[in-house]
Amino acid sequence: MYKYFPHTEADIEQMLKRVSVNSIDDLFAEVPQSVVLKKEYDLPSSLSEIEIRKYFEKLGQKNKKLTVFAGAGAYDHYAPSVITPLISRSEFLTAYTPYQPEIAQGTLQYIFEYQSMICELTGMECTNASMYDGTTATAEAMFMAVANAKKKNTVLISQTVNPNVLKVVKTYAKYKGINVEEIAENNGLTDKADLESKLASGNVAGVIVSSPNYYGIIEDYTGYSEAVHAAKALLIMNVDPSSLAVLKSPGEWGADIACGDGQSLGMPLNFGGSYIGFLSTKKDLVRKLPGRIAGATTDVDGKRAFVLTLQAREQHIRREKANSNICSNQSLMALYVTIYMSLMGKEGLRDVNKLSYSGAHYLYDQLLATGKFTSVFDKPFLKEFAVRTSLNIEKLSKKLLDNNIMGGIQLGKYKSGMDDCLLFCVTEKRSKEEIDHLVTLIKEV
């Protein structure tokens, strides 16, 4: 037996007997032979530490480091260098579940602090810890709305929401028997008249909008909560949490649920994941909220302590009634953004947005000045904007990639009638020199 495998031959034999099979291979009998690997793994033989390091360095050289001017849900924000050493500490990196509060006070405390910070950003009263990503968090918000409505099964979602979020919401809805209808967009904004028309059906459980929206536009949601609540539905806002340092929070808009992806809170792009979804709500809906909730209390000696709270709603005795049974969480990712927010503070987050805003508007003006770009919507934006171009987008993208730059997102791949449009993003990491270099390359196309 291998020394890292805890089970003896006798243990294995006893377990196999209990489930009435003769061998471990019998446990996988349902797997088609056509997909079973029948040769040795293509792995190098044992290597020394130096050889291992060289091997992975060689693999790493295949990656191309790009200067990023793309966003659409994943943003290249700065992360203080101290975060990685802190989350790499063994008590954080190897810890899994905080079910035993006696030995998990550290984990429970940072989950509590994470929840507190997300609540402050969103203007909500409680939040969970946590979801896989922003798209699935939005789908869970939809489930909450339908569970709260009981007899209503229609959810409205604006066409200005990120297309990836829309697809995941529709996929989740399909297998839950939920009817998803899209609210039309009008010149880059949610069409309020279409929303009110659809609300009049009387079968709407929830409405999903985003801030900023997919085009980077800061929408005005004045009157939305009143209209949605008059129809006895819930208002759900998918938001970029970083932007909430300067923009109106979901709580201020009168939303019932706030959700989104915490990646913009300093998390590296990581080739698309893993990230961290957050889901916040009002106290009235806390028992509909999936995932863990850590609370503060006192121990027998009167000292401050932390515990998992309201566990009966899904993890244990009410599993069959659960909206979603989410037992594991992105705890390490929650710790990451907690450290980021604590290091940046309120002023730091504001500065991030000020620098992003200045850079994005500078690039926007420079692109229009080339004469090769025009405005698409001419609406207020923070760090992301859409422009229409007379250039061949494929040639432009190749030119930029050849110069180690990831340019704007080609909107035509996600939105019909926008084949000549690009979605650019500028964060605080982009310098004036990098922006000027981008514009210079574009002029050469």
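**Ground rules.** The model is predicted, so I took local features only at pLDDT of at least 70 and side-chain atom pairs only at pLDDT 80 or more, while totals for chains, interfaces and linings use all residues. Residues are numbered from 1 along each chain as its sequence is written, and side-chain values use heavy atoms, with hydrogens and water left out.

**Entry 1: helix H12.** I started with H12, residues 393-402. Helices (H or I, at least four residues) and strands (E, at least two) are DSSP runs numbered from the N terminus. Which residues of H12 are buried? I found Ile393, Leu396, Ser397 and Leu400. Buried means under 20% relative accessible area, exposed over 50%, and partly exposed in between (1.4 Å probe, protein chains only). These four cover an arc of only 95° around the axis, which puts them on the same side of H12. The arc is taken from the directions from the helix axis to the C-beta atoms. On the other side I noted Glu394, Lys395 and Lys398 as exposed.

I then looked up what covers the buried residues of H12. The cover includes strands S13 (373-375), S14 (384-389) and S17 (421-425), and also helix H13 (432-444). Contact here means heavy atoms within 4.5 Å.

**Entry 2: the ends of H12.** Asn392 caps the N-terminal end, with a side-chain oxygen 3.0 Å from the backbone nitrogen of Glu394. Just after H12, I logged a positive phi of about 60° at Asn404.

**Entry 3: Gln410.** I placed Gln410 in strand S16. Is Gln410 buried or exposed? Gln410 counts as buried because its relative accessibility is 15%. Leaving out residues up to four places away in sequence, Gln410 touches Ile393, Glu394, Ser397, Cys421 and Leu422. Its side chain makes a polar contact with that of Ser397, at 3.4 Å. A polar contact is a pair of N or O atoms within 3.5 Å; within protein, one must be able to donate a hydrogen and the other to accept it, and residues adjacent in sequence count only if both atoms are side-chain atoms.

**Entry 4: nonpolar cores.** A nonpolar core is a set of buried Ala, Val, Leu, Ile, Met, Phe, Trp, Tyr and Cys residues joined through side-chain atoms within 4.5 Å. The largest has 49 residues, and Leu199 and Val207 have the most contacts inside it. Helix H11 (331-369) is one of the elements that each supply at least two residues of this core. H11 gives the largest share, eleven residues. Apart from this core lies another of 29 residues, including Cys126 and Met142.
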